[in-house]
Amino acid sequence: MGYTKKTLQELDLIDNFLSNAIASNSELSEPFYRLLLSVLLGKELKTVRVLAQQIIPATTPELRGIRMDVEITEYDKGNITGIYNVEPHLKDGLHLPRHNRYYQAKIDGRYVKRGLKDFSEIPNLYVITITNYDIFERDYMMYTFRNKCEELPDIEYDDGLQFVYFNTKGQKGGSQAIKNMLTYIQNSDSKNAVDDATRKIDFYVNRVKSLPEVEAGYMTLGDYFDSMLDRAKEEMAEDVRREVTEAVRREVTEAVRKEIAEAVTKEVTESVTKEVTETVTKEVTEAVTKEVTESVTRDVTEAVTREITEQSIKAIVEIFQEHHDTKQNAAAGLRSKFPEYAGQAEELVEKYWKDSL
């Protein structure tokens, strides 16, 4: 699936519009797709019916429906024997294997009627994807997938389902006829019509491109996509404006928050510093005052105590001297009265003993 900005004459079969234009043409669709599939799948198709843009709606509103680009139904004696879902895909980011798994389930669901007992009546289903790039990156022009038993690959598992991926730029894994057809699908120019099949396909392509209704439809589609593009640009501009506004708002808010935080931090720091300084100054002053007071008190007390003690010692020495006692007895008295001065008793007696008495 994909659209491209080309003129109608420049469109290739890989482009969605051209493949759908052919599928929508009642005269050309059946021979075109019968020939295309017979070359790509290497099998002759019987009676076919071709429908473009088939929609299978969702079963409930919250689920997704599908739209098949081209659906080819094959009949044999009035019975449906094969369903071919053909999807050209330009690069668009889809996970094609899982995308196709969902499409397969929705397509199969249409053929399981209420009360069906014999499931062999479900027609074969070919989910065919044509890309202009190699999703498996092995340079093959085609990759065919069928369900199989991993333990015993040779066991036939007949579920009637095939997924076939065609890579228009692949070089390996297919016949020359397939390679020619894929080259033409990629670049639908008459110079690439190099065999009978591609020349017939080229005839159908040129005929469809010359139809007035196809040209008118493509112009209308171009106008539609141009208007959609303009609208998308406007919506994108609005989205960008909103995103930029939000980004600037966040940036400005952060800058203002940072500025306010710095100012408040400075103010609080100064206030707290002043408060802490006053508190610490008061505490230190009180502590130092207490310490100094205690120290001075100790010094004064010691000085006063020393002075009183010496006066007492002097008085005792004088008493012993007045009673005509000996220096030895005076020293003994001092040692008894002031044990802390026992070692200095004789010296103190000599100091305060008056020779004139």
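Which residue in β4 does histidine 89 stand opposite? Select histidine 89 and look across: threonine 131 in β4 stands opposite. Before going on, note that this is a predicted model, in which local features need pLDDT of at least 70 and side-chain atom pairs count only at pLDDT 80 or more, while totals for chains, interfaces and linings use all residues. Residues are numbered from 1 along each chain as its sequence is written, and side-chain values use heavy atoms, with hydrogens and water left out.

**The whole chain**

Colour by secondary structure: there are eight helices and six strands. Here helices (H or I, at least four residues) and strands (E, at least two) are DSSP runs, numbered from the N terminus. Starting at the N terminus, the order is α-α-β-β-β-α-β-β-β-α-α-α-α-α. Of the 357 residues, 34% are buried; buried means under 20% relative accessible area, exposed over 50%, and partly exposed in between, with a 1.4 Å probe and protein chains only. Contact means heavy atoms within 4.5 Å, and 61% of the contacts with a separation of 6 or more are between residues 24 or more positions apart.

Select residues 79-89 for β3, a strand that is mostly covered, with eight of its 11 residues buried.

Tyrosine 126 is buried, at 11% relative accessible area. Show the C-alpha atoms of tyrosine 126 and tyrosine 84: they are 4.8 Å apart, although 42 residues separate the two along the chain. Leaving aside neighbours within four places in sequence, tyrosine 126 touches Leu41, Lys43, Ile83, Tyr84, Asn85 and Gln162.

**Helix α1**

Next, select residues 16-23. How many of the eight residues of helix α1 are buried? Eight of the eight are, so the helix is largely enclosed by the rest of the structure. Pick serine 19 in this helix: its relative accessibility is 4%, which counts as buried. Beyond neighbours within four places in sequence, serine 19 is in contact with Leu13, Tyr33, Val70 and Pro88.

Bring in α5, residues 196-209, whose axis comes within 10 Å of that of α1 and crosses it at roughly 95 degrees. That makes the two helices roughly perpendicular. Show the side chains where they meet: Leu18, Ala21 and Ile22 from α1, with Val205, Val208 and Lys209 from α5.

**The rings**

Last stop: show the aromatic side chains. The structure holds 10 aromatic pairs, where rings of Phe, Tyr and Trp (its six-membered ring) pair if their centres lie within 6.5 Å, with planes under 30 degrees apart counted as stacked, over 60 as edge-to-face and the rest as tilted. One of these is the tilted pair of phenylalanine 17 and tyrosine 218, with 4.9 Å centre to centre and 55 degrees between the planes. This pair links distant parts of the chain, 201 residues apart: phenylalanine 17 belongs to α1 and tyrosine 218 to α6, residues 212-322. Phenylalanine 17 is buried at 16% relative accessibility, and tyrosine 218 is buried at 13%.

To finish, select Phe136, Tyr140, Tyr143, Phe145 and Tyr165, which ring pairs link into a cluster.

Key:
Two strands pair if DSSP finds at least two bridges between them. Axes are lines fitted to C-alpha atoms, for helices over the stretch in contact, and angles run from 0 to 180 degrees between N-to-C directions. Angles under 35 degrees count as roughly parallel, over 145 as roughly antiparallel, 65 to 115 as roughly perpendicular and the rest as oblique.
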